[in-house]
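I opened the notebook for a friendly walk through one chain. Here is what I looked up, in the order I looked.

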Amino acid sequence: MSADSLAALPVRRAVTARDRERLAALIDARLPPVLDSLAHWMLEHDEKGEQEAML
């Protein structure tokens, strides 16, 4: 998923402290560019997508 796709989701939730820790660890692990961009977007906007809401 790209950051643009996440931003376009109809339902998003706040990122938790655990999410922030995991995102930081993933960023440090050198993600592929599209995932790195997504992880940074999530941290900057304090939001994550909720797939369950799409069902």
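**Entry 1: the cover over helix 2.** I began by asking what covers the buried residues of helix 2. The cover includes strand 1 (12–14), helix 3 and strand 2 (47–49). I note here that I am working with a predicted model. The buried residues of helix 2 are Asp 19, Leu 23 and Ile 27. They sit on the same side of helix 2, because the arc they cover around the axis is only 70°. The general rule is a handy reminder: an α-helix has 3.6 residues a turn, so residues three or four places apart point the same way. Turning to the other side of helix 2, I found Glu 21 and Asp 28 exposed.

**Entry 2: dimensions of helix 2.** I counted 12 residues in helix 2. From first C-alpha to last, helix 2 reaches 17 Å, close to the 16 Å expected at 1.5 Å a residue. Just after helix 2 comes Arg 30, with a positive phi of about 60°.

**Entry 3: Asp 19.** An aspartate on the buried list made me look again. Is Asp 19 buried or exposed? Asp 19 has a relative accessible area of 19%, and the cut-off for buried is under 20%, so Asp 19 counts as buried. Which side chain does Asp 19 join in a polar contact? The partner is Lys 48, and the polar contact between the two side chains is 2.8 Å. Setting aside neighbours within four places in sequence, I found Asp 19 in contact with Ala 14 and Lys 48. I also checked Asp 19 against Met 42: they are 23 residues apart along the chain, and their C-alpha atoms are separated by 9.3 Å.

**Entry 4: Leu 23 and Leu 26.** Next I took Leu 23, again leaving aside neighbours within four places in sequence. Its contacts are Val 15, Ala 39, Met 42 and Leu 43. Leu 26 also lies in helix 2, but Leu 26 is partly exposed, with a relative accessible area of 42%. From Leu 26 I looked across to Asp 36, which is 10 residues away in sequence and 8.1 Å away in space, C-alpha to C-alpha.

**Entry 5: helix 3.** How far apart are the end C-alpha atoms of helix 3? They are 18 Å apart, which agrees with the 18 Å that its 13 residues should span at 1.5 Å a residue. Leu 38, Ala 39, Trp 41 and Met 42 are the buried residues of helix 3. Down the axis of helix 3, these buried residues fall within an arc of 160°, so they line one face of the helix. Pro 33 and Glu 44 are exposed on the face of helix 3 turned away from that buried side. I then looked up the cover here too: helix 1, strand 1, helix 2 and strand 2 are among what covers the buried residues of helix 3. Just after helix 3, Asp 46 takes a positive phi of about 55°.

**Entry 6: the nonpolar core.** I listed the largest nonpolar core, and it has 10 residues: Ala 3, Leu 6, Leu 9, Val 15, Leu 23, Ile 27, Leu 38, Ala 39, Trp 41 and Met 42. Which elements give two or more residues to this core? They are helix 1 (3–8), helix 2 (17–28) and helix 3 (33–45). Helix 3 gives the largest share, 4 residues.

**Entry 7: the whole chain.** I finished by stepping back. The chain has 3 helices and 2 strands, in the order α-β-α-α-β along the sequence. Of its 55 residues, 22% are buried. The C-alpha trace spans about 30 × 25 × 20 Å along its principal axes. I compared the radius of gyration with that of a compact globule: with 55 residues such a globule would be near 10 Å, and the chain has 11 Å, which agrees. Last, I took the contacts between residues at least 6 apart in sequence, and 73% of them join residues at least 24 apart.

Terms used:
Residues are numbered from 1 along each chain as its sequence is written. This is a predicted model: local features need pLDDT of at least 70, side-chain atom pairs count only at pLDDT 80 or more; totals for chains, interfaces and linings use all residues. Side-chain values use heavy atoms; hydrogens and water are left out. A nonpolar core is a set of buried Ala, Val, Leu, Ile, Met, Phe, Trp, Tyr and Cys residues joined through side-chain atoms within 4.5 Å. Buried means under 20% relative accessible area, exposed over 50%, partly exposed in between (1.4 Å probe, protein chains only). Contact means heavy atoms within 4.5 Å. The expected span of a helix is 1.5 Å times one less than its number of residues. The arc is that of the directions from the helix axis to the C-beta atoms. A polar contact is a pair of N or O atoms within 3.5 Å; within protein, one must be able to donate a hydrogen and the other to accept it, and residues adjacent in sequence count only if both atoms are side-chain atoms. The radius of gyration is taken over C-alpha atoms; the globule rule is 2.2 Å times the number of residues to the power 0.38.
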